[in-house]
Amino acid sequence: MSRIAYVNGRYIPHADASVHVEDRGFQFADGVYEVFAVYKGVLIDEAGHLDRLERSLGELRIEMPVARAALVQILRRMVRRNLVTEGLVYLQVTRGVAPRDFPFPHAAMPTLVITARNKTFPGREVKTVRVIITPDQRWARRDIKTVALLPAALAKQKAREAGAYEAWQVDDDGYVTEGSSSNAWIVTRDNVIVTRQSDHNILRGVTRMALLDFADKNGFRLEERAFSVTEAKQAKEAFLSSASTFVMPISQIDDVAIGNGEIGPVSKTLRLAYFDAMDQIAATTRAGR
Ligand code: PDD
């Protein structure tokens, strides 16, 4: 079956889906996005992603394109119509179409685009990945999930060219902010899980919140604070988190090996816990249908 895209109220063949050349998403990167994991046919952390969407839109003073309840129905329909059992749903909202001018237009209707596709995620058992360190060249409001992703694309490309999976970006003081499309975590020598506090410098990862919640409830020692590149390179374990990777263990930062090349015990516990949580979400959501 060919894929279906959603564009401003219409479900259309993916190949025919388009937006206007004067869309402010295209002209100014004036828009925000979300990426949802789909697991066993169910949207994972649906409320968390919708909360963050509302927050990002609010920060940019863009209206929700449709009411939240209607959006939920559209998202679920997209999962069904594209026969997604395991994969990703991508949602983008822009300020809409208006003659090119910098200030916000008065009468633009927000543009809403949604796509969905199957993708097989690495399962509970996973190989480690390498990350490199790169300066954080993004803007000062990284907490808004903006579509202005050129610095992120450049960082990811740099990682790929260095044979790494992700680039950990560092601020001017030498502290890690986050990956180009994931949050950054370490486990210190004395077994404290550390990830940067959620201020304007990082995106408030929905997966990050779920992991913090689990770790807190299960007696792990946690610190939400900035950590330096030096501290990261001395860590016992390091991993990254996002809606498309869940918990991904790291074997190397630049040229420095982390752990023994295998997933460390804390990363493993968190990865398995996230899969258990997804199984639970899938089971309760499907039972409620
Ligand atoms: N990226 N930090 C950045 C800069 C991100 O782009 C993402 C997600 C995250 C993790 O957030 P979450 O756990 O809510 O996915 C952190 C998505 C997956 C993407 O751009 O494809």
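Which residue has a polar backbone atom 2.8 Å from an oxygen atom of the ligand?

1. The model is predicted. The residue in question is V206, whose polar backbone atom lies 2.8 Å from a ligand oxygen.

2. Two side chains may be examined next. In T207, a polar side-chain atom is 2.6 Å from an oxygen atom of the ligand. For R52, an N or O atom of the side chain is 2.8 Å from an oxygen atom of the ligand. On its own the ligand has 470 Å² of accessible area, and the protein covers 90% of it.

3. The ligand is located in the largest pocket. Elements that contribute two or more residues to the shell around the ligand are the strands β3 (31–39), β9 (176–179) and β13 (237–242), together with the helices α2 (46–60) and α5 (206–217).

4. There are 20 residues around the ligand, and those that come nearest are Y33, R52, E178, V206 and T207. By class, the shell comprises eleven polar, five nonpolar and four charged residues.

5. Both domains take part in the shell: domain 1 (4–118) and domain 2 (129–277) each supply at least three residues.

Methods: Residues are numbered from 1 along each chain as its sequence is written. This is a predicted model: local features need pLDDT of at least 70, side-chain atom pairs count only at pLDDT 80 or more; totals for chains, interfaces and linings use all residues. Side-chain values use heavy atoms; hydrogens and water are left out. A residue is near a molecule or strand if one of its heavy atoms lies within 4 Å of it. A polar contact is a pair of N or O atoms within 3.5 Å; within protein, one must be able to donate a hydrogen and the other to accept it, and residues adjacent in sequence count only if both atoms are side-chain atoms. Accessible areas come from the Shrake-Rupley method with a 1.4 Å probe; for residues, only the protein chains shown count as cover. On a 1 Å grid over the protein atoms alone, a cavity is a set of points where a 1.4 Å probe fits but cannot get out, and a pocket is an open set with protein on both sides within 12 Å along at least five of seven lines; lining residues have an atom within 4 Å of a point. A molecule sits in a cavity or pocket if more than half of its atoms lie within 2 Å of its grid points. Helices (H or I, at least four residues) and strands (E, at least two) are DSSP runs, numbered from the N terminus. Ala, Val, Leu, Ile, Met, Phe, Trp, Tyr, Cys and Pro count as nonpolar, Asp, Glu, Lys and Arg as charged, and the others, Gly among them, as polar. Domain bounds come from an automatic or database domain assignment.
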